[in-house]
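Keep the structure open beside you as you read.

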Amino acid sequence: MAAGGRTHRVRDFNHFITCYLCGGYLIKPTTVTECLHTFCKSCIVQHFEESNDCPKCGIQVHETNPLEMLRLDNTLEEIIFKLVPGLREQEEDRELEFWRKNQRSEKLPVDALGAGLPDSISAGAGDDDYHRSDPQIAICLDCLRNTGQASETSVTVLDALILARPCHDLMKKFIRCSSRVTVGTIKKFLSLKLKLPSSYELDVLCNGEIMGRDHTLEFIYMTRWRLQADNTYPMVLEYRPRIDFG
């Protein structure tokens, strides 16, 4: 009776845990942020190679790069694995078999294959992932020039000297990182790359608005950047010496 009841519950949820594209259970469920429809990761990525529209509702996800509007749903993945016995093990076996067939080095022994597997299934890789499995976002970090306006008069002599140095611009403005990176981390990155004194502080701005230290890049993109119709991709964040308006 218990087993039959569980099977009945799974059937009731099938509409929510199956992929619209392939008809199977959602594997690495991935949601389109524009319309919140969810598909298998491999299915929706393959679909977006041919179209920029959601396959279910037809909404245009992005004019040029719809892959940037995808987010993995790890919570839904765990729910599906609990509802469908054996699905997790079956998918892990399939992934292992795939990597065995496609290992780059033919001399690599099967027992050592873990070294060539994705971090998500390699033994002990959880702590060494460095957020590579997070949704990624591309950004441009640009130095905000002093416009000479009255509001800029509080910039100190140290600020002026640092901005005058040749290294105030990053050699590589464009970076790709986890969408969960915070503004605080971006500030640390800039300080390291620009070799700023430890006491020196920066403001990070989006569309002219100073961003809070705990704001994530995803939050900024969703609430600040994409709301401007003339904004293009990637998202541009500007930095400047912190200004004391007091």
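## Ground rules

A residue is called buried when its relative accessible area is under 20%, exposed when it is over 50%, and partly exposed in between (1.4 Å probe, protein chains only). You are looking at a predicted model, where local features need pLDDT of at least 70, side-chain atom pairs count only at pLDDT 80 or more, and totals for chains, interfaces and linings use all residues. Residues are numbered from 1 along each chain as its sequence is written, and side-chain values use heavy atoms, with hydrogens and water left out.

## The chain as a whole

The protein chain has seven helices and eight strands. Both are DSSP runs numbered from the N terminus: helices are H or I over at least four residues, and strands are E over at least two. Of its 246 residues, 34% are buried. The accessible surface is about 15600 Å², and carbon and sulfur atoms account for 53% of that area; such areas come from the Shrake-Rupley method with a 1.4 Å probe, and for residues only the protein chains shown count as cover.

Contact here means heavy atoms within 4.5 Å. Taking the contacts between residues at least 6 apart in sequence, 61% join residues at least 24 apart.

The predictor's confidence in each residue is its pLDDT, from 0 to 100. The chain has a mean pLDDT of 76, with 70% of its residues at 70 or more.

Two stretches deserve a careful eye. Residues 104-127 have pLDDT below 50, and this stretch has 22 contacts in the model beyond near neighbours in sequence. Residues 147-158 are also below 50, with eleven such contacts.

Why is strand β8 (residues 235-241) described as largely enclosed by the rest of the structure? Five of its seven residues are buried, so the rest of the structure largely encloses β8. Two strands are said to pair if DSSP finds at least two bridges between them. Strand β4 (residues 136-143) runs parallel to β8, joined to it by five bridges, while strand β6 (residues 202-206) pairs with β8 in the antiparallel sense over four bridges. E238 of β8 is a handy landmark: D142 stands opposite E238, and E238 is also the bridge partner of L205. L237 in β8 has L141 opposite.

Strand β4 is mostly covered too, with six of its eight residues buried. β4 also pairs with strand β5 (residues 174-178), in the antiparallel sense and over five bridges. There, A138 has R176 in β5 as its bridge partner.

## Salt bridges

A salt bridge is counted when a side-chain nitrogen of Lys or Arg lies within 4 Å of a carboxyl oxygen of Asp or Glu. That rule gives nine salt bridges. One of them joins the side chains of E218 and R71 at 2.8 Å, N to O. E218 sits in helix α7 (residues 217-225) and R71 in strand β3 (residues 70-72), so this pair ties together parts 147 residues apart in sequence. R71 is buried at 10% relative accessible area, whereas E218 is partly exposed at 25%.

Another pair is R88 and E78, at 2.9 Å, N to O. R88 belongs to helix α4 (residues 87-101) and E78 to helix α3, ten residues apart. R88 is partly exposed at 29%, and E78 is partly exposed at 33%.

D203 and R242 meet at 3.4 Å, N to O. D203 is in strand β6 and R242 in the segment after β8, so the pair ties together parts 39 residues apart in sequence. D203 is buried at 4% relative accessible area, while R242 is partly exposed at 39%. Salt bridges with shared partners join E201, D203, R240 and R242 into one network.

Finally, look at E77 in helix α3 (residues 74-83).
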